[in-house]
Amino acid sequence: MSDVTTSTNRYAGSSIQKVALVVGIVFLLVGIAGFVPGLISGDLGGAGHGSMAMLLGIFQVSVLHNIVHLLFGVVGLLAANRATGSRMYLVIGGVVYFVLWVYGLFTAGTMSGANFVPLNWADNWLHLVLAIGMVALGVVFPRGRRTPVGA
C-alpha cells in the first residue's frame, strides 16, 4: 500500500474537481430556476420554439431546455469524483456548448422546428461564453498535487 495518495482520489479533492463541482451546481440551479414561477415569465412549453417562458425575463426556456441544464449539472457532480472526469466534463461540455452556439446562429429566435430547445439570441451568446469558459477552465486548472496520506 502506498504512503502517498493524490488529492484527486477524494470527491472534489483537487482544483479541477472543485471547478467541475461548482459548474455542475450552477447548471443544476439554472435548471431548477427554469421551473420556478416568478423566475420565469410566460407559458412554459415542453419543447420547441412555442415555449414562451423567459428565465429572468431574458433567456427563453422550455421543459426540455431545463432538463438539459439539469443533466449537465448531474454530469458535473459525477465528474467531480475524478480529476480526469472533471477535465473531460469541462472541455467536452465546452465543445458541446460551442456546437450549440454555432447551431443557434442559424436557429435562435426562429419559429422553425429546428429551434427545438428553444434558443433566443441571449441564450445563444451565453452558450458562446459557456463554451469559452468551460474549455478554458478545463485547460487552465491543474489536476492536483500529491499529498501525504492523512494530510
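Buried residues make up 39% of the 151 residues in this chain. The model is a predicted one. The exercises below work through its folds and contacts.

**Exercise 1. The chain as a whole**

Task: State how many helices and strands the chain has, and give their order.

Solution: 
- Step 1. Count the elements. There are four helices and five strands.
- Step 2. The order is β-α-β-β-β-α-α-α-β.
- Step 3. Turn to the contacts between residues at least 6 apart in sequence. Of these, 64% join residues at least 24 apart.

**Exercise 2. Helices H1 and H2**

Task: Decide whether H1 and H2 are roughly parallel, roughly antiparallel, roughly perpendicular or oblique.

Solution: 
- Step 1. Know what to look for. Two packed helices are described by the angle between their axes and the distance between the axes.
- Step 2. Locate the helices. H1 covers residues 15-33 and H2 covers residues 63-79.
- Step 3. Take the values. The angle is about 155°, and the axes lie 7 Å apart.
- Step 4. Apply the cut-off. Angles over 145 degrees count as roughly antiparallel, so H1 and H2 are roughly antiparallel to each other.
- Step 5. H1 passes H2 in a left-handed crossing.
- Step 6. Find the residues that meet. From H1 they include Ala-20, Gly-24, Phe-27 and Leu-28. From H2 they include Asn-66, His-69, Phe-72 and Gly-73.
- Step 7. Sort this contact by class. It has 11 nonpolar, six polar and no charged residues.

**Exercise 3. Helices H2 and H3**

Task: Describe how H2 and H3 pack, and list the residues that make the contact.

Solution: 
- Step 1. Take the values. H2 and H3 pack at about 155°, with axes 8 Å apart.
- Step 2. Name the arrangement. This angle makes H2 roughly antiparallel to H3.
- Step 3. List the H2 side: His-69, Phe-72, Val-75, Gly-76 and Ala-79.
- Step 4. List the H3 side: Gly-85, Ser-86, Tyr-89, Gly-93, Val-96 and Tyr-97.
- Step 5. Sort by class. The contact has six nonpolar, five polar and no charged residues.

**Exercise 4. His-69**

Task: Is His-69 buried or exposed, and which residues does it contact beyond four places in sequence?

Solution: 
- Step 1. His-69 is in helix H2.
- Step 2. Check the accessibility. Buried means under 20%. His-69 is at 10%, so it counts as buried.
- Step 3. List the contacts beyond four places in sequence. They are Phe-27, Leu-28, Val-30, Gly-31 and Tyr-97.
- Step 4. Link back to the helix pairs. His-69 takes part in the contact of H1 with H2, and also in that of H2 with H3.

**Exercise 5. Gln-60 and Thr-107**

Task: For Gln-60 and Thr-107, find which backbone oxygen lies by a polar side-chain atom.

Solution: 
- Step 1. Find the partner of Gln-60. The backbone oxygen of Ser-51 lies 2.7 Å from a polar atom of the Gln-60 side chain.
- Step 2. Beyond four places in sequence, its contacts include His-49, Met-52, His-65, Pro-118 and Asp-123. The C-alpha atoms of Gln-60 and Ser-41 are 9.6 Å apart.
- Step 3. At 5% relative accessibility, Thr-107 is buried.
- Step 4. Find the partner of Thr-107. The backbone oxygen of Tyr-103 lies 3.1 Å from a polar atom of the Thr-107 side chain.
- Step 5. Finish with contacts. Not counting residues up to four places away, Thr-107 touches Ala-114, Asn-115 and Leu-119.

How values were computed
Residues numbered from 1 in each chain as written. Predicted model: local features only at pLDDT ≥ 70, side-chain atom pairs only at ≥ 80, totals over all residues. Heavy atoms only, no water. Axes fitted to C-alpha atoms, helices over the stretch in contact; angles between N-to-C directions. Helix = DSSP H or I, 4+ residues; strand = E, 2+ residues; numbered from the N terminus. Parallel < 35°, antiparallel > 145°, perpendicular 65-115°, else oblique. Left-handed = near helix turned anticlockwise from the far one by under 90°. Contact = heavy atoms within 4.5 Å. Nonpolar A, V, L, I, M, F, W, Y, C, P; charged D, E, K, R; others polar. Polar contact = N/O pair within 3.5 Å; in protein donor to acceptor, adjacent residues only side chain to side chain. Buried < 20%, exposed > 50% of the residue type's maximum accessible area, 1.4 Å probe, protein only.
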